[in-house]
Amino acid sequence: MKYYSTNRQAPPATLEEAVIRGLAGDRGLYMPERIPALEAGVIRSMKDMSFHGIAGVVARALFGEDVEEEVLTATVEDTLAFDTPVVHVHGTVYSLELFHGPTLAFKDVGARFMARLLGHFIRRRGIDRTVNVLVATSGDTGSAVAAGFLGVEGIRVFVLYPGGGRVSPIQECQFTTLGRNITALEIDGTFDDCQALVKDAFADRDLNARMALTSANSINVARFLPQTFYYFNAYAQIDRAGKAGELIVSVPCGNLGNLAAGLIAARMGLPVERFVAANNRNDVFYTYLKTGVYEPHPSRTTIASAMDVGNPSNFARILDLFGGDRRAMARTVATRRYDDGEMARTMMNIFRRYGYLLDPHGACACRALHDFRLTSHQTGLFLETAHPAKFRETAERITGTGVDIPPRLQAFMNGWKQSIPLGRDYGGFREFLISS
Ligand SMILES: *Cc1c(COP(=O)(O)O)cnc(C)c1O
């Protein structure tokens, strides 16, 4: 299957080319030329299948033409080496816990899948120079990508993160202590500055001629599309409980990769009545859906920091899915936005009432689902995208209860921190890449 650019100025690419390049030559995002539909009978039968089985069906539909069967099976196996249960919170509302991977956030799924697939494509093509993965992070992406790519041959990863305490100490440990093929760069600037450096590097023709560069942000199709797997799995579990009639799915949004993947799953046939896009004060998408005006702004700092994105890259994909028709988009996607106080109160209420500890991102989606006001026929599902221990100080302050750090997270904190400080000017970053 071919992949086209959302800007439609670059030629269509094969999956292999799209994964190796990341962003299309015209700076658009790659989209599958055809979204494969799964038969209703197949989707209904998922309630009797394991997560591995379900992900295998979805993966073969998306990638089966382009990736050898054994490679795809092994890639899926490896991606899902961790279970992803659905937790019943109360009444008709379910939470999908997506934080059982190595770095305790949902990005592990896409990052692991992409690392294996990119490694495979590099070998298949016989690329003999190192491929450099550049990733800008506000916290969670860097850790998931670093853990996913650790030790993958032929790939070096540069994680750019904002310095000055802008990422939590736990998050910082997760990408600064790994060593080997992972290099952490502490940028004297904000997340937007980090993202700008990465974008400048991709747009730099001379640099791209000298070294092979790619992106592991959710602009890469190999990170973006596997996120469809867990939507199908969640549906299967809710269907097993006999509750999948009219499903409303609430997603905490940052770069909009997770929501875009949910929309792709729906186009593949997943019966979702409506999505709810939950924003924090970084409300560009909210404002667009309400008014039709898309106005990027510098990112605003909130307690749900992984959603602090002022110009979400996957907006281009969502717009493309609806052919630029905002009204059609709004019929499928409802939206809500919340400030820190509202997210904190939701964490507090859910903890008091159900003894369930949310992280701030999950809290945003949970609140959006509540305010959506489900009818008695509808079932609500919200995505809980990170383990609350990743935001321990915030969670403890708000709920007044101690939060245990899981052993997997503790292990990172005992490591030796190594990072290289860099300024926010492109010239210095470029020099560094060339000399490293
Ligand atoms: C990245 C992230 C989000 C936002 O996901 P997008 O795909 O960027 O919209 C939400 N919650 C957590 C915990 C994240 O790490």
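This is a predicted model: local features need pLDDT of at least 70, side-chain atom pairs count only at pLDDT 80 or more; totals for chains, interfaces and linings use all residues.
**A colleague's note on salt bridges, the sheet and the ligand site**

1. Residues are numbered from 1 along each chain as its sequence is written, and side-chain values use heavy atoms, with hydrogens and water left out.

2. One of these bridges joins Arg112 to Asp78, with 3.8 Å between the closest N and O atoms. Arg112 sits in helix 5 (residues 107-125) and Asp78 in helix 4 (residues 69-79), so the pair links distant parts of the chain, 34 residues apart. Helices (H or I, at least four residues) and strands (E, at least two) are DSSP runs, numbered from the N terminus.

3. Five strands form an open sheet in the order 8-5-6-7-13, with parallel pairing; two strands pair if DSSP finds at least two bridges between them. Strand 8 (212-215) and strand 13 (420-422) are the edge strands, each pairing on one side only. From one strand to the next, the twist averages 30 degrees.

4. Within that sheet, six parallel bridges connect strand 5 (residues 131-136) and strand 6 (residues 155-162). Asn132 stands opposite Arg156 in strand 6.

5. Finally, the ligand: 15 residues surround it, the closest being Lys107, Asp140, Gly254, Asn255 and Thr385, where near means a heavy atom within 4 Å. A polar side-chain atom of Lys107 lies 2.4 Å from a ligand oxygen atom, and a polar side-chain atom of Thr385 lies 2.8 Å from a ligand nitrogen atom. Taken alone the ligand exposes 390 Å², of which the protein buries 97% (Shrake-Rupley method, 1.4 Å probe).

Notes
Axes are lines fitted to C-alpha atoms, for helices over the stretch in contact, and angles run from 0 to 180 degrees between N-to-C directions. A polar contact is a pair of N or O atoms within 3.5 Å; within protein, one must be able to donate a hydrogen and the other to accept it, and residues adjacent in sequence count only if both atoms are side-chain atoms. A salt bridge is a side-chain nitrogen of Lys or Arg within 4 Å of a carboxyl oxygen of Asp or Glu.
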